[in-house]
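Thanks for coming, everyone. I'll keep this short. Please look at the screen.

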Amino acid sequence: MMRFKEEKEAKKEAFRKYLDASGVLDALTQVLVALYEQNDKPSSALEFVQQKLGGPSVSEYEKLQAEMSDLQTKYDDLLAKHQETCKELEELKNSHNTTPTKESIDGEPPKDEF
């Protein structure tokens, strides 16, 4: 039981060092200090933290979601059109290849008959 607790503490310490080395602890500390120093506390502390860390606001996020949805619809339409065009091209290739030509009959390219 004691060994499990030591392993757990070692994992916590390793994770803390990782956060410290990557700058996460400093960034969070700065954001929390900025929130603490606000005279007029924001209505949403979470949104304040997100904005300070560089994330989009709720309205920006919703705008990006709508734009992504529009782009996905356009992509789906273009993909369907592309697939349809590829199918038509394949049909044209097949119909061209199945039409016998003079060359395929006598083995020589067709000659002008004028």
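Start with helix α2, residues 24-36, and helix α3, residues 45-52: their axes come within 10 Å and cross at roughly 130°. Here axes are lines fitted to C-alpha atoms, for helices over the stretch in contact, and angles run from 0 to 180 degrees between N-to-C directions. Helices are DSSP runs of H or I with at least four residues, strands are runs of E with at least two, and both are numbered from the N terminus. That angle makes α2 oblique to α3. Under 35 degrees counts as roughly parallel, over 145 as roughly antiparallel, 65 to 115 as roughly perpendicular, and the rest as oblique.

A word on the source. This is a predicted model, where local features need pLDDT of at least 70 and side-chain atom pairs count only at pLDDT 80 or more, while totals for chains, interfaces and linings use all residues. Residues are numbered from 1 along each chain as its sequence is written, and side-chain values use heavy atoms, with hydrogens and water left out.

Which residues meet? From α2, V31, A34 and L35; from α3, A45, F48, V49 and K52. Contact means heavy atoms within 4.5 Å. By class, that contact has six nonpolar residues, no polar and one charged. Nonpolar covers Ala, Val, Leu, Ile, Met, Phe, Trp, Tyr, Cys and Pro; charged covers Asp, Glu, Lys and Arg; the others, Gly among them, are polar.

Stay on α2 for L28. Buried is under 20% relative accessible area, exposed is over 50%, and partly exposed is in between, with a 1.4 Å probe and protein chains only. L28 and L53 sit 25 residues apart in sequence, and 8.2 Å apart in space, C-alpha to C-alpha.

Now the whole chain. The protein chain has five helices and zero strands. From the N terminus on, the order is α-α-α-α-α. Of its 114 residues, 5% are buried.

Last, just after α1, G23 takes a positive phi of about 90°.
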